[in-house]
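The following exercises ask the reader to work through a model step by step. Each task is followed by a worked solution.

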Amino acid sequence: MNIVVCIKQVPGTTQVKINPETGTLIRDGVEAVVNPFDEYAIEEALRIKERVGNAVVKVITMGPPQAEEALKSAIALGADEAYLISDRAFAGSDTWATSYTVARGIQSLGTVDLIICGKQAIDGDTAQVGPGVAEMLGLPFVAWVRKVEEISDTSIRVERMMEDGYEVVSMPLPGLITVVKEINVPRMASLKGKMRAKKAVITKLTAESLAADPAKIGQKGSPTQVFRSFVPERKGGGEKISGDVPELVSKIKSTILDLNVIR
Amino acid sequence: MGIHVELEKCIGCSLCVRACGVNAIEIVNKKAVIDLEKCTLCAACVEACKKYQAITITKESSGGTKNIADYKNVAIFVEQHNGIVAGVSYEMLGEGRKLADQLKEKLVAVLLGHDMQKQADELVKFGADRVVYYNSEKLANFQDDSYAQIVSEFVDTEKPAIILAGASAIGRSFIPKVAARVWGGLTADCTKLEIDVEKHLLLGTRPAFGGNLMATIICPHHRPQIATVRHKVMKAATRDEHRTGEVVVHNVETEKLTIRTTIVDIVKEVESTVNITEADIIVSGGRGMGKPENMSIVKDLAEVLGAAVGASRAVVDAGWIPYSHQVGQTGKTVCPKLYVACGISGSVQHMAGMQSSDYIIAINKDPNADIFQIANLGIVGDVMEVVPALTKAFKESLGK
């Protein structure tokens, strides 16, 4: 069984700070990490490999040359092969062009049985590339997977998380799933894995090697553009009070009643 | 296409260096130099250089959609569960009506379901000029394949300029497939929509980086312009008995629909009766609640207020309450009218999930807790004393 995991390198957001003078994001010194949701995707692929025995886990990413580090982290965890889609021609891609490019990348890997993506990346927060890739490849798709109940060479049965519960869905393979945090607890890289990652060969894929349609990649292939970006106004820093309990309670109570939100 | 530094304007302040997420910029001889191998054209540096305007990105776009002028009207996708129209869809009707009026175009509602003629007629009363209802047994439940197929067909035949859908589990699952298929522009999880009337453009504003950055997205050359819209942000349409409009019914032959996935079972499992993404009021508990049993204090207040129960990641990870209650970056994003944070210190990730709430009350004994930075009302006090007393006070006055 060939399992492909799509990952993205993102800035570790816990340290994201706003420059109060310019109102922009300060991203220097912020270490690049594997998108946390993709860690669940990698882990699930490794677990499926352990379950079915005969499987190869391939990780693929699209990004600048330094995104190679993210692929190495995946190798350290146990992935077998790693592919980096990187080319100036891909710069400025929106989710449509990214979906197209990643789909081309996956097509270049030969037979694929299962593709796993994290539900979204924590920088863009769009959750659009997973379903986009599925559509571009013409594959069946299930989003928000919180459990893989059963898997065989020809089908998979999963639990899809909805707002008010879950649905058990079965799907023929090949197919694509996006996974949520609840699916597993990712392992840590072993020392042996880290050694392996150091020596790993990362296969590079370019616009030319993928024979990508120039009209469908990069800024040219992207229907959307960023018109402007800005830092949201922080609300509050409002009133802050302390005092004895009855006083606090009456303040909260009158505030809530004034809001007129209780039905 | 490319990025360019105007050397006369650049003063070498290095704001762009710090704004760059991929370390593609360095200052050489007091001027910014951009490594084109690393640069992803994300425009973070352009934003950082607002004051000096020394960095420009020239955009190049493809031919885009042919006959763009043929695309007219604002369409909304009507989400339904078991034949009941979802709350978020009334918000789409309200917002879609506004946008359509600005454009002086029609509001078209597209409904997929089975045996929903009555509900289809009702959509007119809630503001739709035209309802396109696809009726089939196989459309009763959401399935990515069938929904993407039908809505893509709708795009091909009706040619809407704009499509809005709720940014729900369903909307965010299949709408990207529609966008992929029709090569439309899709903006995820918008919290604000505007129209540039002159250019006939939709401006969709959305949070990124967990709410730390807002981006306004446009789609100038492709149609339709599609947006998924966050629940509880837009005002819901109100019913008007006298409104009129047309309802078009397509009875879809079942063999026409290709559905590869099979729904084996549907399980409802929210612990309390209120779904946190739908709730007007949320009472949330964090690690400050001390121990698992104390979550009942949070639940008691929620009950008396008719609120849903939320939680921080810390208490979910500790197993005090199921994941479906988690608010934050790895949980759910909520924007209720009132959010009461009990014993939540306010991690960046938690705040990302709730900072767009209309009104935030935070109760925490640490006066320096980060949550106070975004709270409209900050209560420095012990949750174990304040919250039960508050519950009691409301019980008495509400007569519960």
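**Exercise 1.** Which strands of chain B does helix 7 of chain B lie across, and at about what angle does helix 7 run to strand 18?

*Solution.* The model is a predicted one. Begin by locating helix 7 of chain B at residues 295–305. This helix lies across strand 18 (281–285), strand 19 and strand 20 of chain B. Its direction is at about 170° to strand 18 of chain B. Next, consider helix 10 of chain B, residues 383–398. Helix 10 lies across strand 20, strand 21 and strand 22 (377–380) of chain B, and runs at about 130° to strand 21 of chain B.

**Exercise 2.** Determine the strand order of the open sheet of six strands, and explain why one side of each edge strand has no neighbour in the sheet.

*Solution.* Write down the order, which is 15(A)-22(B)-21(B)-20(B)-18(B)-19(B), with parallel pairing. The edges are strand 15 (239–242) of chain A and strand 19 (308–311) of chain B; each has a single partner strand, so one side of each is left without a neighbour in the sheet. From one strand to the next, the twist averages 20°. Then examine one pair inside the sheet: strand 20 (residues 338–342) and strand 21 (residues 359–364) of chain B pair in the parallel sense over five bridges. Within this pairing, B:Ala341 has B:Ala362 of strand 21 as its bridge partner.

**Exercise 3.** Describe the contact between chain A and chain B, and find a strand pairing that joins the two chains.

*Solution.* First take the residue totals: chain B contributes 97 residues to the contact and chain A contributes 86 residues. Sorted by class, the side of chain B that touches chain A holds 53 nonpolar, 25 polar and 19 charged residues. Now turn to the strands. Strand 14 (residues 225–230) of chain A pairs with strand 14 (residues 213–218) of chain B in the antiparallel sense, over five bridges. A:Gln225 stands opposite B:Ile218 in strand 14 of chain B.

**Exercise 4.** State the domains of chain B and characterise the contact between domain 2 and domain 3 of chain B.

*Solution.* The domain assignment gives domain 1 (2–58), domain 2 (68–256) and domain 3 (281–398) in chain B. The C-alpha centres of domain 2 and domain 3 of chain B are 33 Å apart. Their contact takes six residues from domain 2 and eight residues from domain 3 of chain B. On the side of domain 2 of chain B that touches domain 3, one residue is nonpolar, three are polar and two are charged.

**Exercise 5.** How many residues has the largest nonpolar core, and which residues have the most contacts inside it?

*Solution.* The largest nonpolar core has 162 residues, and those with the most contacts inside it are A:Val5, A:Ala74, A:Val133 and B:Cys16. Strand 9 (residues 141–151) of chain A supplies the largest share, seven residues. At least three residues come from each of domain 1 (2–58) and domain 2 (68–256) of chain B. A second, separate core has 53 residues, including B:Ile276, B:Ile282, B:Ala369 and B:Ile379.

Technical notes: Residues are numbered from 1 along each chain as its sequence is written. Chains are lettered from A and ligands numbered from 1 in the order in which they are written. This is a predicted model: local features need pLDDT of at least 70, side-chain atom pairs count only at pLDDT 80 or more; totals for chains, interfaces and linings use all residues. Domain bounds come from an automatic or database domain assignment. Two residues are in contact if their C-beta atoms, placed from the backbone, lie within 7 Å. Ala, Val, Leu, Ile, Met, Phe, Trp, Tyr, Cys and Pro count as nonpolar, Asp, Glu, Lys and Arg as charged, and the others, Gly among them, as polar. Two strands pair if DSSP finds at least two bridges between them. Helices (H or I, at least four residues) and strands (E, at least two) are DSSP runs, numbered from the N terminus. Axes are lines fitted to C-alpha atoms, for helices over the stretch in contact, and angles run from 0 to 180 degrees between N-to-C directions. A nonpolar core is a set of buried Ala, Val, Leu, Ile, Met, Phe, Trp, Tyr and Cys residues joined through C-beta atoms within 7 Å. A residue is buried if 20 or more other C-beta atoms lie within 10 Å of its own, exposed if 12 or fewer, and partly exposed in between; C-beta atoms are placed from the backbone.
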